[in-house]
Amino acid sequence: MNILITGGAGFIGFNFIKFLLSKYKYTIINLDLLTYASNLESLVDRVDHENYHFIKGDICNRDLLNDIFSQYNIDVVINFAAESHVDRSIDDPEIFLKTNVIGTQALLDTAKKNWKVSSDKYDREFKKGVKFIQQMKCMVL
Ligand SMILES: NC(=O)c1ccc[n+]([C@@H]2O[C@H](COP(=O)([O-])OP(=O)(O)OC[C@H]3O[C@@H](n4cnc5c(N)ncnc54)[C@H](O)[C@@H]3O)[C@@H](O)[C@H]2O)c1
């Protein structure tokens, strides 16, 4: 199974990736923009594991998301990528909207597009076994 984990350099994402790699044989693709919130000490881009791939990038970048889905044949998306430091939303709410709302929408659209069985826009059949898991966002405006 190929799992796209976004925000995997953050507090929850990185610990979750370490847990998965220690217990399962899933292929993990970690997409993270490495913002101020990421845990650089975790050396997230240097985890030495054959099933682990790190990509530095933005969940708002639809071309990049499409490339990742095509290259890795993603089965599961777990979205931890977020502006999560609530105090910062008072100074700069726009980046919260961008990542937490527009970025999540970009991920959802990309997953839907890549997992649809038919090109008929009204068809609701998706590839078997796929999942999109959204970690809760907090946002103050
Ligand atoms: N930490 C908690 O106790 C807790 C509890 C409940 C829910 N949550 C939610 O879980 C999610 C993750 O929390 P966390 O504590 O790991 O956050 P975090 O701030 O530690 O990590 C967020 C990660 O997302 C990355 N990121 C930010 N913008 C990005 C973008 N546009 N594209 C790609 N990557 C981007 C950052 O670089 C960072 O590595 C958030 O939605 C948060 O609200 C956290």
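Which strands does H4 lie across, and at what angle does H4 run to S5? In this predicted model, H4 lies across S1, S4 and S5 and runs at about 170° to S5 (contact means heavy atoms within 4.5 Å; axes are lines fitted to C-alpha atoms, for helices over the stretch in contact, with angles from 0 to 180 degrees between N-to-C directions). Helices (H or I, at least four residues) and strands (E, at least two) are DSSP runs numbered from the N terminus. Local features need pLDDT of at least 70 and side-chain atom pairs pLDDT 80 or more, while totals for chains, interfaces and linings use all residues. Residues are numbered from 1 along each chain as its sequence is written, and side-chain values use heavy atoms, leaving out hydrogens and water.

Turning to the sheet, five strands form an open arrangement in the order S3-S2-S1-S4-S5, with parallel pairing (two strands pair if DSSP finds at least two bridges between them). Strand S3 (52-56) and strand S5 (131-134) each have a single partner strand, so one side of each is left without a neighbour in the sheet. Within the sheet, S1 (residues 2-6) and S4 (residues 76-79) run parallel and are joined by four bridges; Ile3 has Val76 as its bridge partner in S4.

Helix H2 (residues 62-72) packs against H4 (residues 93-115) at an angle of about 40°, with the axes 10 Å apart. The two helices are therefore oblique to each other (angles under 35 degrees count as roughly parallel, over 145 as roughly antiparallel, 65 to 115 as roughly perpendicular and the rest as oblique).
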